[in-house]
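Trainee: Please take me through this structure in questions and answers, with each term defined where it is first needed.

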Amino acid sequence: MAAESPTDGPPLEAIESVFAVTEIHRSADKLVYVGQPRVSPAAVTQELWPTFHDAGYELELRGARGRTALVAEPQSLGVDGIPWKHIGLFVATVLSTLFAGTFWYHIDPFAEPAALLQAWPFSAAILFVLGVHEMGHYVASRYHRVQASLPYFIPIPTLIGTLGAVIKMNGRMPSRKALFDIGVAGPLAGLVATIGVTTVGLHMEPIHAPAAVVQSPDAVQLHLGFPLLLEGLAALFGQPLYRGDPTTMVNPVVIGGWVGMFVTLLNLIPVGQLDGGHILRAMIGPDQETVGALVPAALLGLAGYLYFLTDHTGQAASVWILWAVLTTLLAIAGPAKPFVEERLDSRRRVLGALTFGLGALCFTPVPIEIVG
């Protein structure tokens, strides 16, 4: 059949400069352009992928039986059907965070199963800060026409009831600008939610430990390190943080804010495909991999300092040893590579530096320590 440009695909003249089209046909919902490359296959893809992406297609160059074809598949950006897996994980995480919340409220969920619901403010705080963070990524992905899933919440029996939430991105990253916007949207959205949750929690009634818990010879104390951002909000509103008082602690909603700050800090580590890795890769290009290679050594240095030069227990160092191992694996996997390597505008570079600065305010050298 004669090559005639389809009405819903890129114009034929945008393709012909690098790929001589002899015929065009549809295969299911795909557009297939059969012909011969005028340049190398890699150059064909490099030249035409942005054009097809802007038209709403993912592009792949295929060859078989001496024939070469450009296969354009429509992007799938929406949610197909009811996302049962996401709903199931969310419900499971609601339950796991409610159960974890009973620890902070000094409730025995086995003795009083119905009392589990009393921990709902803690659960809501955790889910809100994590959900807003991931939805920041999701909205930015949709804006830049990058395929992304809804958030997957991860339930697990820890002191906060979850390992966080993630979204899954498919397809290629169009440009540095898209990589930056998607990377920065999560931490900034999450920080706004975190500041709101922390502010609300600071104005709520503190929790008082029962005398039997405080006086028990088997009692242990859980010490949280408060980052500068939390310290600053407490000072701004004139609210106490009850450090050193074994009978009183901040409202568990504040712990939800603490989780948001810690998650922001970890995500902004500039390595691999963490948010910080995305942001720095967009800002400085391939040199980000050099920075990423230094991150594990820096974390091991922090762990060594805490273990050998301070009075903290080995628990404090173990957090950063674990993250040194994880960031090593992330550095080996490498960062996301944008398709178009254009330089970022100055406004985004300033915003990136500001985001890393805000992340530094979420840092505490000893996030959590169990004493007793």
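Predicted model: local features only at pLDDT ≥ 70, side-chain atom pairs only at ≥ 80, totals over all residues.

Trainee: Leaving aside its neighbours within four places in sequence, which residues is S149 in contact with?

Mentor: S149 is found in the loop between strands β5 (147-148) and β6 (152-155), where strands (E, at least two residues) and helices (H or I, at least four) are DSSP runs numbered from the N terminus. Once the neighbours within four places are set aside, the contacts of S149 are H86, Y138, I167 and K168.

Trainee: Is S149 buried or exposed?

Mentor: The class follows from relative accessible area: under 20% is buried, over 50% is exposed and anything in between is partly exposed, with a 1.4 Å probe and protein chains only. Because S149 has 15% relative accessibility, it counts as buried.

Trainee: What share of the residues in the protein chain do buried residues make up?

Mentor: The protein chain has 12 helices and 12 strands, and its C-alpha atoms fill a box of roughly 85 × 45 × 35 Å along the principal axes. Of the 372 residues in the chain, the buried share is 47%.

Trainee: How far apart are the end C-alpha atoms of helix α3?

Mentor: Helix α3 has 22 residues (84-105), and the expected span of a helix is 1.5 Å times one less than its number of residues. For α3 this rule gives 32 Å, which agrees with the distance in the model between the end C-alpha atoms, 31 Å.

Trainee: Which residue follows α3?

Mentor: Several residues of α3 are buried, including H86, T93, W104 and Y105. After the helix comes a residue with a positive phi, near 60°, and that residue is H106.

Trainee: How many residues of helix α9 are buried?

Mentor: Helix α9 covers residues 275-284, and it is largely enclosed by the rest of the structure. Among the elements that cover its buried residues are α4 (120-143), α5 (176-202), α8 (252-267) and α12 (346-360). Among the buried residues are D275, H278 and R281, and of the 10 residues in α9 the buried number is nine.

Trainee: Where do the bounds of domain 1 and domain 2 fall, and which three residues supply 61% of the area that domain 1 buries against domain 2?

Mentor: The bounds, which come from an automatic or database domain assignment, are 12-74 for domain 1 and 84-371 for domain 2. The C-alpha centres of the two domains lie 42 Å apart, and the area buried between them is about 730 Å², where buried area is the accessible area (1.4 Å probe) that two parts lose on being put together, summed over both. Carbon and sulfur atoms give 57% of this area.

Trainee: How many salt bridges does the rule find across the interface of domain 1 and domain 2?

Mentor: A salt bridge requires a side-chain nitrogen of Lys or Arg within 4 Å of a carboxyl oxygen of Asp or Glu. A search of the whole structure finds eight salt bridges, yet across the interface of domain 1 and domain 2 the number is zero.

Trainee: Which element gives the most to the side of domain 1 that touches domain 2?

Mentor: Eight residues of domain 1 are in contact with eight residues of domain 2. On the domain 1 side, α2 (41-54) and β3 (57-64) each supply at least two residues. With five residues, the element that gives the most is α2.

Trainee: How many residues apart in sequence are the parts tied together by E341 and R176?

Mentor: The closest N and O atoms of this salt bridge are 2.9 Å apart. R176 is buried at 11% relative accessible area, whereas E341, at 37%, is partly exposed. Because E341 lies in the loop between α11 (314-333) and α12 while R176 lies in helix α5, the separation of the parts they tie together is 165 residues.

Trainee: Which residues are linked with R176 in a network of salt bridges?

Mentor: Side chains of opposite charge can pair when their charged atoms come close. Here the network of salt bridges joins R176 to R281 and E341.

Methods. Residues numbered from 1 in each chain as written. Heavy atoms only, no water. Contact = heavy atoms within 4.5 Å.
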